[in-house]
Amino acid sequence: MKEKLLPFIKQFIPFSLLTFGLQFWVTRFLLPETSFYYSLIEVYSFHFCVTFLLYWFLVFVNTTFFDKTGYTFLATGILKMMASIVFLMPLIQSDFENKIPDVGAFFVPFFLFLLFETIHSVRLLNVK
């Protein structure tokens, strides 16, 4: 299991730091007067933890029940979407004036992390 998880971690940490840095730069220098409900640290901590835990679970299923890996990937995708809704619920229910920048600041990394996770999940599935 370690040999399947280590290459993911070696790419996942730099990917997370790079996307965080880019979004930090955009929000700090291109959108300096925009206020956000969630800080970037909160958003990226959520994405990092959820993506890592779900991929770890996917690797666990892949090593124990190889034929169920695809179904597990679909299930973890649904879990990730549900966790995102739960994470965004305080924003949705708040009286915060402009929610659109927060939604964008959340879903841009959501889809980048999802793409990263999908690429690595396909690699898991293609191993003979």
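Which residue forms a salt bridge with Lys-68, and how far apart are the closest N and O atoms?

Analyst: Lys-68 pairs with Asp-67, and their closest N and O atoms lie 3.8 Å apart. Keep in mind that this is a predicted model. Side chains of opposite charge can pair when their charged atoms come close. The cut-off for a salt bridge is 4 Å, so the 3.8 Å of Lys-68 and Asp-67 falls within it.

How open is this pair? Asp-67 is exposed, with a relative accessible area of 57%. Lys-68 is partly exposed, at 42%.

The structure holds two salt bridges. The other joins the side chains of Lys-80 and Glu-117, at 3.1 Å from N to O. This pair links distant parts of the chain. Lys-80 belongs to helix H3, residues 69-93. Glu-117 belongs to helix H4, residues 100-126. Lys-80 is buried, with a relative accessible area of 2%. Glu-117 is buried too, also at 2%. Buried means under 20%, so both residues qualify.

Now look at the two helices that carry this pair. Two packed helices are described by the angle between their axes and the distance between the axes. For H3 and H4 the angle is about 165°, and the axes are 12 Å apart. That angle makes H3 roughly antiparallel to H4. Their crossing is right-handed. On the H3 side, the contact includes Lys-80, along with Phe-73, Thr-76, Met-81 and Ser-84. On the H4 side, Glu-117 takes part, and others include Phe-110, Phe-113, Leu-114 and Thr-118.

Helix H1 covers residues 2-30, and helix H2 covers residues 40-64. Their axes come within 11 Å and cross at roughly 160°. H1 and H2 are therefore roughly antiparallel to each other. H1 passes H2 in a right-handed crossing. Among the H1 residues that meet H2 are Lys-4, Phe-8, Phe-12, Ser-16 and Phe-20. The H2 residues they meet include Tyr-44, Phe-48, Phe-52, Tyr-55 and Trp-56. This contact has 15 nonpolar, seven polar and one charged residues.

Methods. Residues numbered from 1 in each chain as written. Predicted model: local features only at pLDDT ≥ 70, side-chain atom pairs only at ≥ 80, totals over all residues. Heavy atoms only, no water. Buried < 20%, exposed > 50% of the residue type's maximum accessible area, 1.4 Å probe, protein only. Helix = DSSP H or I, 4+ residues; strand = E, 2+ residues; numbered from the N terminus. Axes fitted to C-alpha atoms, helices over the stretch in contact; angles between N-to-C directions. Parallel < 35°, antiparallel > 145°, perpendicular 65-115°, else oblique. Left-handed = near helix turned anticlockwise from the far one by under 90°. Contact = heavy atoms within 4.5 Å. Nonpolar A, V, L, I, M, F, W, Y, C, P; charged D, E, K, R; others polar.
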